Amino acid sequence: MSSLLTGPIESVAEFLAHALEMEVESAERYRELADNMAVHNNPGVAELFRQLAVEGDAHAAHVERRGAGVALPDIAPWAFKWSSPDGPESLPLDELHYLMSRHQALELALHNEIRGRDFYAELARASKNAEVRALAAEMAEEEGRHVAMLRDWLASEAVPEPSTPDLDPPHSPE
Amino acid sequence: MSTIAQRARVYKSTVRPIWCPGCGHFAVLAAITRALAFLDLPREEVAVVSGIGCSSRLPAYLDSYGFHGLHGRALPLATGLKIARPDLNVLVTGGDGDGFSIGGNHFLHACRRNVDLTYIAMDNRVYGMTKGQASPTTAPDWSKSQLTPHGTGVRRFQPAAIALAAGATFVARGYSGDPKGITRMLVEAIRHPGFAFLHVLSPCVTFRPEQRAWKHEVHPFAAGTGADPVEAASQLQADDGLGLGIFYQQQLPVWPQREKPSGSLAELEREFPV
C-alpha cells in the first residue's frame, strides 16, 4: 500500500490542524453531497449523507475540544501532508452518480473512513514526537470504531439490483 | 482555532448547486472558496462574473458580488467592472463553449489587454447545458452527439496556446481531480497583476463519462513555468493537452495604466466650471 503521508508531522499543533481540517472538510463534503443528491431527486442517499455529515460534525467538535487553547499553524490548502487529493476522509467528488444507491454510498463512506483510520495509524508510527504518536494512535482507534459502525450499517442496507433503470435519463433532443 | 475548510464556508452561498453528482465543477467551486479563504479576501472585495452554461452558474454559489451575464460576454463585463472598480478582485468563470466559441473574440482581446482579471475556464469539451453537443475543444472524431454523428472534423481549439499567443501574462492548466493543485494555481492567478488564465479540465460525467479516465491521463507539464513566451509556446505545442502546471508567467504593464491626477481639485474646478 502506498503511503498516505507526504511528510512527517512533528508537533501537536500541526497534528491538530491536520485532524481538524480533515474532519471539517469531510463533514462539509457530506453536507454538500446531501444537498446535491436532494436536488437530483435521490432522497435516500441525501438522507444518508446528511446523517454522515452530522457524524462528521461530532468528530470535528471532538478534535476542537482536544485542541482548545492550542494556536494552530496556518497551513496552505495544498500543504496538508496527506497524499490523497482531498482529506483522507472526504468522499471523492468524482466517484458519485445521481443514481447511486445507499449501499454504494455507504461503501464509499466506509472506504474513506478506513483511509482516515490508516492515515492516523501511519502517523502514529511515523512521527518522532511521542505526544503526536499518542494522539494519532488515539484518533486511529476512534476511527476504527467508526469503521466498525459503518460496516454494521452497510450490512443492514439492502444490496441494490445490479442494473437499476434510469427513470429520468439525460435528455438528448437532437 | 480555525482551518481553511472552516474559513472557506464564509464564501459559500446558501444556493444549492444543480450540477450533476460527479461533475468536476464542484472541485473548482471548492478551490475558489479555499483560495479566497487562504488569501483572506473580504467577500465585499470579490466579484465573480460569468456568462452562460453549467459552469457559469458558479457566481450564484458564492457569497460575494456576482454577475451572471450574457452568453460569451463575461470577459467584457468583467473588464468594465475592473476598470470602474479597480479595488475589487474580479474573477471570471465559464466553460469552453461560452469562453472559446461564443466569447472567443473577447477571450483574445482580454488576453492582449492584460486587464487584471482571473479567468477560470472549466473545460469539459462539450456543451453540457444544452445536452451534449460538440464544443470548440471537442476532438474532431467525437461522434457521440447526433448533431455530429461522424465527428466535427474540425481541429480542437487550444485554449492555453491561444491565450499565450494573444498576450495573456499568466497561463496555467489544472484538473478538477487535483484540488490541491488548482487551489494553488488559483492563489497564484489571483495574486498575479494582469490577465491570468486558468484552464481547468473539468469532466462532464453525464455527456462525456469517458472523461473520468482523465485522472489516469493527466501529468505534470514537463517544462515547468517559464517567462519566455517563445519557449512556452514551443512546449505547449508539444504537450498532449493534459499537462498540468503554470506554463507561463510574465510581469507586463496592466491595462488600463492609471496616472495619478496631476492637478489639484481647485485647478480642476477652474478648468471645468459648473
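1. B:Leu77 is buried, with 20 other C-beta atoms within 10 Å. Here a residue is buried if 20 or more other C-beta atoms lie within 10 Å of its own, exposed if 12 or fewer, and partly exposed in between, with C-beta atoms placed from the backbone. The residue B:Leu77 belongs to helix α3 (residues 74-84) of chain B. Helices (H or I, at least four residues) and strands (E, at least two) are DSSP runs, numbered from the N terminus. Leaving aside neighbours within four places in sequence, B:Leu77 is in contact with B:Val49, B:Phe67 and B:Gly69; contact requires C-beta atoms, placed from the backbone, within 7 Å. B:Ser50 is 27 residues from B:Leu77 along the chain, and their C-alpha atoms are separated by 8.6 Å.

2. On the basis of the model: it is predicted, so local features need pLDDT of at least 70 and side-chain atom pairs count only at pLDDT 80 or more, while totals for chains, interfaces and linings use all residues. Residues are numbered from 1 along each chain as its sequence is written, and chains are lettered from A and ligands numbered from 1 in the order in which they are written.

3. Chain A has 4 helices and 0 strands, and its elements run α-α-α-α from the N terminus on. Taken along the principal axes, the C-alpha atoms of chain A fill a box of roughly 60 × 35 × 30 Å. Of the 174 residues of chain A, 36% count as buried. Among the contacts in chain A between residues at least 6 apart in sequence, 79% join residues at least 24 apart.

4. Two packed helices are described by the angle between their axes and the distance between the axes. For α1(A) and helix α2 (residues 43-66) of chain A, the angle is about 160° and the axes are 8 Å apart. Axes are lines fitted to C-alpha atoms, for helices over the stretch in contact, and angles run from 0 to 180 degrees between N-to-C directions. α1(A) and α2(A) are therefore roughly antiparallel to each other; angles under 35 degrees count as roughly parallel, over 145 as roughly antiparallel, 65 to 115 as roughly perpendicular and the rest as oblique. The crossing of α1(A) and α2(A) is left-handed, the term for a near helix turned anticlockwise from the far one by less than a right angle, with clockwise giving right-handed. The contact of α1(A) with α2(A) divides into 18 nonpolar, 3 polar and 6 charged residues. In this classification Ala, Val, Leu, Ile, Met, Phe, Trp, Tyr, Cys and Pro count as nonpolar, Asp, Glu, Lys and Arg as charged, and the others, Gly among them, as polar.

5. Helix α3 (residues 102-126) of chain A packs on helix α4 (residues 130-156) of chain A at an angle of about 160°, with the axes 8 Å apart. α3(A) and α4(A) are therefore roughly antiparallel to each other, and α3(A) passes α4(A) in a left-handed crossing. The contact of α3(A) with α4(A) has 16 nonpolar, 4 polar and 6 charged residues.

6. Between the chains, 33 residues of chain B are in contact with 30 residues of chain A. On the chain B side, the elements that give two or more residues are α1 (4-8), α2 (25-39) and α7 (179-191) of chain B. The largest share of that side, 5 residues, comes from α7(B). By class, the side of chain B that touches chain A has 14 nonpolar, 10 polar and 9 charged residues.

7. The largest nonpolar core has 112 residues, of which A:Phe49, B:Val92, B:Tyr119, B:Val171, B:Phe195, B:Phe197 and B:Leu198 touch the most other members. Its largest share, 12 residues, comes from helix α1 (residues 12-39) of chain A. A nonpolar core is a set of buried Ala, Val, Leu, Ile, Met, Phe, Trp, Tyr and Cys residues joined through C-beta atoms within 7 Å. Not counting residues up to four places away in sequence, B:Phe195 touches residues including B:Asn114, B:Val115, B:Leu117 and B:Tyr119.

8. Most residues other than glycine have a negative phi, and most peptide bonds are trans. Phi of B:Asn114 is near 60°, a positive value; B:Asn114 is in the loop between α5 (104-113) and β4 (118-123) of chain B and is buried, with 21 other C-beta atoms within 10 Å. B:Arg125 has a positive phi of about 60°. B:Arg125 is found in the loop between β4 and α6 (159-166) of chain B and is buried, with 25 other C-beta atoms within 10 Å. A cis peptide bond, with omega about -5°, joins B:Trp255 and B:Pro256. B:Pro256 is found in the loop between β8 (243-249) and α10 (265-271) of chain B.

Methods:
Two residues are in contact if their C-beta atoms, placed from the backbone, lie within 7 Å.
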